[in-house]
Amino acid sequence: MSKPRKPKGRPISGWLILDKPVDFGSTEAVGKIKWLFNAQKAGHAGTLDPLASGMLPIALGDATKTVPYVMDGRKIYEFTVTWGEERSTDDLEGEVTQTSANRPGEEAIRALLPAYTGIIQQIPPQFSAIKIAGERAYDLARDGETVEIPSREVEIHRLTLLKAEEDRAFFEVECGKGTYVRSLARDFGRELGCYGHISDLRRSFVAPFAEDMMVPLEELVELEKIEDRDERLAALDVFLVDTGEALSSLPQIRISEDQAHRLRMGNPIILRGRDAPVSEPEAVAFAAGRLVAIGEVGEGEFRPKRVFN
């Protein structure tokens, strides 16, 4: 029987909050960061289109276990809609499919926004990762097929018009999981009778990570010049955010090192004390400031569901 293959790379864990540049794909960015940090595992929390810039949280090592919690977080985008053209991709990358000489006034744009605030129904773009009969919509679109994509419920917490010019308008939106900003541009243009598409898109926030946590890719690439490997990796590791930061929205439970050992073995622990929670569908356990486990609380116990090394 052959021995299991040893994973390549370092068993480091944490989040790198990347400021992704334009014309750089999310998968490409993850590969670059994984290589730079010589990490065993890496993944991202929410795709950013190649033509979009801004916050792309990348999880390394054990932090990949917390990706779903970041995916569910609120996001903030700043975006520009250029009027007069609808495009196949709903952004600059696609072919022009509709044109109009009409241009909306600022009052008409502002009057539109309440209808796109709150819980709304939205149809994702033809070029999206939505699966239709087992295939990605963007693969079908590239093959020239026009598919019927069902609408789905998304939540827009805040939608602000920042500035309006004759041929374009600038917006900021705070939204929930699964919202397509490209669909907003398409729908704005259709309802205003002028057509529109995204000409600039930047993500400035993904909960719970703050905008000032972002690290430009070029700043990380610059560290490749450090010849000493250990020195180079140490310089990169300074930019990592602790894995537990991704779980700040969940109830936090402080435990002892003995309890941490039990949890890491997959065993429940008894919670004592006046402040111990009685019942929580999800909570996180920390020992000496380090993340130990995600679990549930019930009947005086913390029962681990995911443990961290």
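1. All 9 of the 9 residues of strand S3 (residues 52-60) are buried, so S3 is largely enclosed by the rest of the structure. Buried means under 20% relative accessible area, exposed over 50%, and partly exposed in between (1.4 Å probe, protein chains only). Strands are DSSP runs (E, at least two residues), numbered from the N terminus.

2. This is a predicted model, in which local features need pLDDT of at least 70 and side-chain atom pairs count only at pLDDT 80 or more, while totals for chains, interfaces and linings use all residues. Residues are numbered from 1 along each chain as its sequence is written, and side-chain values use heavy atoms, with hydrogens and water left out.

3. With strand S1 (residues 14-20), S3 pairs in the antiparallel sense over 7 bridges; two strands pair if DSSP finds at least two bridges between them. Here lysine 20 is placed opposite glycine 54 of S3.

4. Strand S2 (residues 42-44) is also paired with S3 in the antiparallel sense, over 3 bridges. Histidine 44 has isoleucine 58 in S3 as its bridge partner.

5. The pairing of S3 with strand S12 (residues 196-206) is parallel and runs over 3 bridges. Alanine 52 stands opposite leucine 201 in S12.

6. Aspartate 212 lies in the loop between S12 and strand S13 (215-216). This residue is exposed, at a relative accessible area of 72%.

Technical notes
Helices (H or I, at least four residues) and strands (E, at least two) are DSSP runs, numbered from the N terminus.
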